[in-house]
Amino acid sequence: MGTVRRIHPHAEDDPDIAAAYAYPRDHWLRLNMVASADGAAWVEGHSEGLSGRADKRIFGLLRGLADVVLAGAATVRTEGYRPARPRESWRAPREGRPPVPPIAVVTRLLDLDLGGPLFTEAEPYARTIVITTEAAPKDRRDEAADKAVLIVAGDDRVDLATAVEELRGLGLGRILCEGGPRINAQLAAAGLVDELALTVSPLLAGGDAARILDGVASRTPLTLAQVLEEDGFLFCRYLREAHDEAAG
Ligand SMILES: NC(=O)c1ccc[n+]([C@@H]2O[C@H](COP(=O)([O-])OP(=O)(O)OC[C@H]3O[C@@H](n4cnc5c(N)ncnc54)[C@H](OP(=O)(O)O)[C@@H]3O)[C@@H](O)[C@H]2O)c1
């Protein structure tokens with residue numbers, strides 16, 4: 001069983017992971033994704049087959065650093081999202097903030113289990129947030145407003161720039177987007193992605209899985225700010241080129 005080491009920009013054994021991923025600014029959107037070495041964003045429909053021990057640790061830590069975890073409804077449904085649970089290791093990075101970040105779900109039609117744990121088990125200080133559209137059925141929106149914090153951010157589609165503004169308005173500026181690929185593509189196309197935390201899994205997957213961005217084409221030049229490694233997994237931290245002065 002290995003330990004994490006930094007291999008870029010300088011070599012270091014067992015670096016401070018929380019410091020390695022500190023948010024450079026209060027308004028910042030980080031995508032966190034795992035992909036196989038050939039670029040697949042899932043194996044047999046889930047990200048679990050791509051992940052490993054260190055990836056899970058860093059995934060958890062990134063949640064601990066964030067004000068809010070943003071995800072598309074398909075990811076929430078497929079991965080069985082529940083509210084984040086407090087961890088001892090989050091105590092220091094979350095000082096002055098609630099013990100866990102809320103989960104914010106983007107959905108057009110509100111086809112979510114509003115009676116499920118994501119809604120019923122969220123603590124009052126971290127109620128799940130639903131970001132939806134005027135197109136969602138009125139009765140579903142009313143129910144969502146009862147069970148969650150409801151944001152309506154578009155007529156037929158959620159406008160992700162508006163959604164990000166609304167989250168910032170709630171004091172949730174450090175946004176961790178955990179995918180999936182369809183949400184990611186829209187965020188990138190809207191120029192909203194400040195950072196990509198990409199785990200490259202030592203695995204070839206083939207098949208027809210999407211890449212980590214799926215949908216509208218865009219072009220976001222990145223700077224490679226940091227690479228960590230453990231057990232053959234690479235943890236790459238890319239910053240949008242305009243932000244490379246914030247590499248830290
Ligand atoms: N490799 C990784 O790190 C990783 C991370 C996350 C997920 N995944 C995998 O990715 C897959 C899911 O990702 P995905 O790309 O298919 O879907 P996704 O991005 O998670 O969610 C797509 C859904 O989000 C809602 N949505 C997206 N854009 C919207 C907009 N502009 N306005 C309103 N609603 C919008 C819609 O929900 P409604 O249908 O409810 O309207 C849509 O069906 C799963 O297999 C999951 O395991 C992998």
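This is a predicted model: local features need pLDDT of at least 70, side-chain atom pairs count only at pLDDT 80 or more; totals for chains, interfaces and linings use all residues.

Residues are numbered from 1 along each chain as its sequence is written, and side-chain values use heavy atoms, with hydrogens and water left out.

**Around the ligand**

The ligand is surrounded by 26 residues, and the closest are Val34, Thr75, Glu79, Thr107 and Gln186. Now pick glutamate 79, which has a polar side-chain atom 2.4 Å from an oxygen atom of the ligand, and then threonine 107, where a polar side-chain atom lies 2.7 Å from an oxygen atom of the ligand.

Colour the shell by residue class next, and you will find 11 nonpolar, 9 polar and 6 charged residues. In this division Ala, Val, Leu, Ile, Met, Phe, Trp, Tyr, Cys and Pro count as nonpolar, Asp, Glu, Lys and Arg as charged, and the others, Gly among them, as polar.

Which elements each supply at least two residues of this shell? They are β3 (28–36), α3 (73–78) and α7 (181–189), and the largest share, 5 residues, comes from α3. Such labels follow DSSP runs numbered from the N terminus, with helices (H or I) of at least four residues and strands (E) of at least two.

**Strand β9**

Move to strand β9, residues 195–201, and select serine 201, which is found in this strand. Is serine 201 buried or exposed? Serine 201 counts as buried because its relative accessibility is 3%; buried means under 20% relative accessible area, exposed over 50%, and partly exposed in between, with a 1.4 Å probe and protein chains only. A polar atom of the serine 201 side chain lies 2.8 Å from the backbone oxygen of leucine 50.

Threonine 199 is also found in strand β9, and with a relative accessible area of 3% threonine 199 is buried. Show its side chain with that of aspartate 55, and you will see the two joined by a polar contact of 2.7 Å. A polar contact is a pair of N or O atoms within 3.5 Å; within protein, one must be able to donate a hydrogen and the other to accept it, and residues adjacent in sequence count only if both atoms are side-chain atoms.

**Cis peptide bonds**

Select histidine 8 and proline 9, where the peptide bond from the former to the latter is cis, with omega near 5°; proline 9 is found in the loop between β1 (5–8) and β2 (12–13). Then select glycine 179 and glycine 180, whose connecting peptide bond is cis, with omega near 5°, and note that glycine 180 belongs to the loop between β8 (174–177) and α7.

**Positive phi angles**

Aspartate 14, in the loop between β2 and α1 (17–20), has a positive phi of about 50° although it is not a glycine. With a relative accessible area of 56%, aspartate 14 is exposed.

For the last stop, select glutamate 44 in the loop between β3 and α2, where phi is near 50°, a positive value in a residue other than glycine. Glutamate 44 counts as exposed because its relative accessibility is 77%.

How values were computed:
A residue is near a molecule or strand if one of its heavy atoms lies within 4 Å of it.
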